[in-house]
Amino acid sequence: MITARVKIAAVWLAGQNLPGLAENTTIKPLLPPNVAIAENDPNSVQMLSTFSQESVLTLTWQHAIPLYGVKRIKAVETARILRSLAPSLGVVACFPRLVPESLLAVPRHGFLNVHPSLLPAYRGPAPLFWQFRAGEQRTGVTVHWVDAQFDTGAIAAQRLAPLADGISEHDATRLMAHAGGRVLVDVLQHVMGGELPYRKQAPGGSYQSWPHADDFVVSTAWSARRIFNFMRATVLWGHPYSLDLDGKRWLLSDVLSWSNYTTLETPYVVDGEILTFRCSPGSLQARLAQ
């Protein structure tokens, strides 16, 4: 959006663990580490950390865009500050909260959300996790209008964004962000030209919440490719994977390789900390959890 010369009134970050924000904070500016703050200024909070890589924080500071930390999105003060910014459009991406109607009504054109799935499939807060778990081959991003529910608003635009075998969820998120950014810029150009792209979502769809322990179970009924891609992508969650095999439950820490074929004469082979087992189809090598 910066390179597309879209004027950004402010950037908001939401969360309970934002550094420098007290427990009872509603919304406050986040200033870069080298900005001195007067002791008697109750409206500013200095970020104590420094950042060596490009991030939302460093980009906003570099381009002198106001940056706010939000802990109570439904508070009256939050709506007051949004109105003071007088935005014509709000944009949401990876925002962990449902935007209340008191905020949705503030921008003249409402809010857009960038979501890493082809809606109406995979609504919810962790769509990439569930797409990897399902072995989804057809993936993409959706820019949609925000309504009172999670990810149910009318679609403004969609684009396919294929994911390579073995991609990590971190890299997949980055790829989806780049694809979503390009789609968003296209939509914004239409909006600035007086056109509001609007297409109702198809009936049905699906919603998944945050994953739990049972969602890290893998099965030999899956293809080796599906297990490999799921484990390689989601290992950053730090949760062991469970596999029921030959009447025993195995715990796996990560995956090493996969093949469409198998020459195993038995359902599995253990070699030290490496478990090789048959899938449907193919075979997989994984490391046993210690």
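How do the residues of the lining of the second largest pocket divide into nonpolar, polar and charged? I looked this up and found four nonpolar, six polar and four charged. I counted Ala, Val, Leu, Ile, Met, Phe, Trp, Tyr, Cys and Pro as nonpolar, Asp, Glu, Lys and Arg as charged, and the others, Gly among them, as polar.

Entry on the model. I worked from a predicted model, in which local features need pLDDT of at least 70 and side-chain atom pairs count only at pLDDT 80 or more, while totals for chains, interfaces and linings use all residues. Residues are numbered from 1 along each chain as its sequence is written, and side-chain values use heavy atoms, with hydrogens and water left out.

Entry on the pocket. I noted a volume of about 220 Å³ for the second largest pocket. A pocket is an open set of points on a 1 Å grid over the protein atoms alone, where a 1.4 Å probe fits, with protein on both sides within 12 Å along at least five of seven lines. Grid points are joined across faces, edges and corners, and the volume is the space filled by probe spheres set on the points. The lining holds 14 residues, each with an atom within 4 Å of a point. G135, E136, Q137, L163 and N229 lie nearest the centre of this pocket. Helices α4 (127-133) and α6 (224-234) each supply at least two lining residues; helices (H or I, at least four residues) and strands (E, at least two) are DSSP runs, numbered from the N terminus.

Entry on β1. I found V11 and L13 pointing one way from strand β1 (residues 11-14), with W12 and A14 pointing the other way. All of these are buried, that is, under 20% relative accessible area with a 1.4 Å probe and protein chains only. Strand β1 runs parallel to β4 (residues 67-70), and four bridges join them; strands pair if DSSP finds at least two bridges between them. L67 in β4 is the bridge partner of V11.

Entry on the loop between β6 (111-115) and α4. I located P120 here, joined to L119 by a cis peptide bond with omega of about 20 degrees. Y122 is in this loop too, and its phi is near 60 degrees, a positive value in a residue other than glycine. Y122 counts as buried because its relative accessibility is 12%.

Entry on two further loops. D151, between β7 (140-145) and β8 (155-160), also has a positive phi near 60 degrees. At 8% relative accessibility, D151 counts as buried. In the loop between β13 (274-278) and β14 (283-288) I found P281; the peptide bond from S280 to P281 is cis, with omega near 0 degrees.

Technical notes. Buried means under 20% relative accessible area, exposed over 50%, partly exposed in between (1.4 Å probe, protein chains only).
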